Amino acid sequence: VLGPCNEFVSKMTGYDPSELAGRSARMLYPDEEEFQKVGREKHPLVEKYGVGTVETRWMNKDGSVIDVLLSSAILKPGELSAGLVYTALDITEIKRHEALIKNQKEELEAANEELAATNEELIATNEELARAQDDLLEINSRLAESEEHYRLLAENSTDIIWTMALDGRFTYVSPSVTALSGFTVDEMLGMTMYEYVPPEQAVFAADFIAKELAKPPGERLESYTLETSQYTKAGEVIDIEITCSWLYDRKGNTAGIQGSTRDMRQRKIIQEKLRVSNQRLGAIINSSPLAIFTLDRDGKVLQWNAAAEKAFGWTEEEVLNRYLPMVPEDKQEEYDSMRAMVFAGRSMTDMEIRRIRKDGSPAVLSLNTAPLYDADGRVNAIMSVVADITDRKRAEDALRASEEKFSKAFHTSPDSININRV
C-alpha cells in the first residue's frame with residue numbers, strides 16, 4: 001500500500017499525491033506480471049541486505065509507460081514491518097540512449113567489416129597494377145641493352161616489340177604480334193603504322209612525330225608512353241599501351257622509333273574493378289550515419305563525410321587539405337601520439353576521446369581508427385570512424401549524481417519520500 005509521495009512521483013506518473021496515498025502500488029504497473037516480478041526480485045534483496053534496487057516499468061495516469069529505476073530500504077534496520085522507503089528515478093531517456101548506442105555500435109561493426117573487406121580488395125587490385133607496371137619497366141629497361149639481347153628478349157616477350165622507320169613503316173615486329181592482333185610478322189612488315197591504328201590515332205601519331213623531329217635532339221622527349229587503340233586482323237578495335245623512344249644510327253642521327261605494345265584489355269578490367277571498389281567504398285562512407293574521415297601522413301584531411309559535417313559543424317570544403325580542426329590545444333599531444341601509433345601499423349577500437357565542435361561545444365567520442373596501406377604495404381593514410389557518445393556520458397553522469405544524492409538524502413534526512421507498508 002502506498003503512503004505519502006513527494007511531488008517528483010506526481011511529475012513522473014501524472015497522479016496527484018492524494019490519488020496515490022492508501023492505494024495499492026499495483027496501480028503504477030502496466031500489468032500484474034511486472035508488479036509481481038518487482039516483488040520477487042527486490043524483496044529478497046531488502047530482507048537480506050536492507051536495501052534493494054531493480055529496473056521496472058510504470059504506467060502513467062495517461063496510459064504511457066516509462067522505465068524506472070526503483071530502490072527501497074527498510075525504515076528501521078532489522079524491522080521490516082516498520083515499512084519501506086522507496087525512491088524512483090525515470091530512466092526512460094537513459095534506456096533510449098542505451099538502445100541507440102547499441103544500434104550505432106552494431107552499425108559501426110558492420111561498416112568496419114565492409115571497409116576491411118573493401119580495403120583488402122583495393123590492396124589486391126593495387127598489387128596487380130603495381131606488378132603490371134613493374135613488368136613494363138623491366139621490358140623498357142632491357143630495350144636499352146645490346147641488339148642481340150634485345151632481339152632475344154623480343155622473340156620471347158608476350159608484349160609486341162617493334163621498330164619503325166620515320167615514315168611509319170615497321171622494320172621489325174616480334175612474333176607476339178600474332179597473338180594480339182592476328183597479323184603475322186610478314187603481314188606487319190608490309191604495313192605502316194597508319195594502317196594499323198584508327199584514323200584519329202594515326203593523325204595524332206603523325207603530328208606528334210613531326211613536332212618532335214622539328215625540335216633539336218636535346219629537347220626531344222627521350223621516351224613516351226600512351227594508351228591508344230589498334231585494329232586486329234578481324235577488324236576489331238582493341239585497347240593497347242605503347243611505349244616508344246628514338247632510334248639513332250652510328251652517327252647519332254635519328255633513324256627511326258623503337259617501342260613495345262602491350263595488350264591493355266586485362267588492365268582495363270582491373271581498372272574497372274578498382275573503380276567499382278572505390279565507388280562502393282565511397283558510397284559506404286558517404287551513407288554512413290557515423291562520422292568518417294581520412295588523414296594523410298601530414299595529418300591533413302583527405303576525406304570528410306556528411307555525418308562528420310553534421311557531428312562537428314565543419315563542411316567538407318572547410319577541412320579538406322587542412323589539419324583536423326576539432327582537436328583542442330590541451331589534447332594536441334594526445335592526438336599526435338595516437339596518430340603516430342596508427343602510422344606505425346596499430347589499429348584502435350572503441351577509444352574514448354574528447355574533442356570540440358565548430359561552435360566550441362565539447363564532444364565525447366568513441367574512436368575507431370586503422371591504417372590504410374599502399375600497394376607496397378606502406379601506411380599512407382589513416383581512416384577514422386567515430387560515434388558521438390556525449391549524450392550517453394551525460395546520462396551516465398546524471399544517473400551517478402542521482403544515486404549519490406539519494407544515498408546522501410537517505411542517510412542524513414529524517415523525512416521519508418515514499419513509504420510502503422508490508
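The exercises below concern the cores and cavities of a predicted model.

Residues are numbered from 1 along each chain as its sequence is written, and side-chain values use heavy atoms, without hydrogens or water. Local features need pLDDT of at least 70 and side-chain atom pairs count only at pLDDT 80 or more, while totals for chains, interfaces and linings use all residues.

**Exercise 1.** State how many helices and strands the protein has, and what share of its residues is buried.

*Solution.* Step 1: take helices as DSSP runs of H or I with at least four residues and strands as runs of E with at least two, numbered from the N terminus. The protein has 14 helices and 14 strands. Step 2: count a residue as buried under 20% relative accessible area (1.4 Å probe, protein chains only). Of the 422 residues, 41% are buried.

**Exercise 2.** Describe the largest nonpolar core and the surroundings of Leu324.

*Solution.* Step 1: a nonpolar core is a set of buried Ala, Val, Leu, Ile, Met, Phe, Trp, Tyr and Cys residues joined through side-chain atoms within 4.5 Å. The largest has 24 residues, and Phe293, Trp304, Phe312, Leu324 and Met326 touch the most other members. Step 2: among the elements that each supply at least two of its residues are β9 (291-296), α11 (306-312) and α13 (332-343). The largest share, 4 residues, comes from α13. Step 3: look at contacts (heavy atoms within 4.5 Å). Beyond its neighbours within four places in sequence, Leu324 is in contact with Phe293, Leu295, Gly299, Val301, Trp304 and Tyr335.

**Exercise 3.** Give the volume and lining of the largest cavity.

*Solution.* Step 1: on a 1 Å grid over the protein atoms alone, a cavity is a set of points where a 1.4 Å probe fits but cannot get out; lining residues have an atom within 4 Å of a point. Points are joined across faces, edges and corners, and the volume is the space filled by probe spheres set on them. The largest cavity has a volume of about 400 Å³. Step 2: 31 residues line the largest cavity, with Trp162, Met193, Ala205, Ile242 and Cys244 nearest its centre. Step 3: α9 gives the most to this lining, 7 residues.

Methods:
Buried means under 20% relative accessible area, exposed over 50%, partly exposed in between (1.4 Å probe, protein chains only). On a 1 Å grid over the protein atoms alone, a cavity is a set of points where a 1.4 Å probe fits but cannot get out, and a pocket is an open set with protein on both sides within 12 Å along at least five of seven lines; lining residues have an atom within 4 Å of a point.
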